[in-house]
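Open your viewer and get the whole chain on screen. We will take a short tour together, one selection at a time.

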Amino acid sequence: MQNLNFPAYTFRLKNSENKTSIFDSIRKKFIILTPEEWVRQHTVQFLISEKKYPKSLINVEKKVAVNGMQKRYDVIVFHPNGTINIIVECKAPKIKITQATFDQIARYNLTLNADYLMVTNGLDHYYCQMDFKQERYHFLKEIPNYSTI
């Protein structure tokens with residue numbers, strides 16, 4: 001798999017029927033290793049190892065209803081009280097991050113009301129803080145550490 005713009009992490013991989021899988025420590029199972037999954041697993045490890053978010057507050061790939069349609073988010077980080085702190089949208093490294101990518105996560109956030117948004121293709125990372133009063137987001141240099149929220 002391609003090197004990403006994250007620190008180096010160690011992952012559990014296995015091969016079965018000519019397919020490589022990666023162990024997801026949040027879902028506690030092996031997942032087929034696609035380029036997007038490679039980014040998602042790096043993002044989860046980044047949140048745990050670098051930003052110190054507890055595993056217990058992280059959720060991966062669950063369905064959410066957005067405008068009456070079933071969508072699936074990549075990663076969500078909760079506050080201890082159960083409200084949503086961060087939504088992360090992961091794309092494969094070959095996918096360029098565009099305004100459409102931000103529009104997608106912003107639509108999800110109309111339902112989820114997260115404080116922060118992160119969009120990454122593993123090479124480029126973008127972080128935003130929501131301003132619900134002004135109905136917009138402000139770009140940040142990085143997502144806050146767990147200890148600062």
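What is the mean pLDDT of the chain? The mean is 88, and 97% of the residues reach 70 or more; pLDDT is the predictor's confidence in each residue, from 0 to 100. This is a predicted model, in which local features need pLDDT of at least 70 and side-chain atom pairs count only at pLDDT 80 or more, while totals for chains, interfaces and linings use all residues. Residues are numbered from 1 along each chain as its sequence is written, and side-chain values use heavy atoms, leaving out hydrogens and water.

**Colour by secondary structure.** Along the sequence they follow β-β-β-α-β-β-β-α-β-β-β.

**Select residues 35-50, then 58-66.** The former is helix 1, whose mean pLDDT of 95 is the highest among the elements. The latter is strand 4, with the lowest mean, 77. Where pLDDT is low, the predicted coordinates should not be read in detail.

**Zoom out to the C-alpha trace.** Along its principal axes it spans about 50 × 35 × 25 Å.

Buried residues (under 20% relative accessible area, 1.4 Å probe, protein chains only) make up 47% of the 149 residues.

**Finish with contacts.** Counting heavy atoms within 4.5 Å as a contact, 49% of contacts between residues at least 6 apart in sequence join residues at least 24 apart.

Technical notes: Helices (H or I, at least four residues) and strands (E, at least two) are DSSP runs, numbered from the N terminus. Buried means under 20% relative accessible area, exposed over 50%, partly exposed in between (1.4 Å probe, protein chains only).
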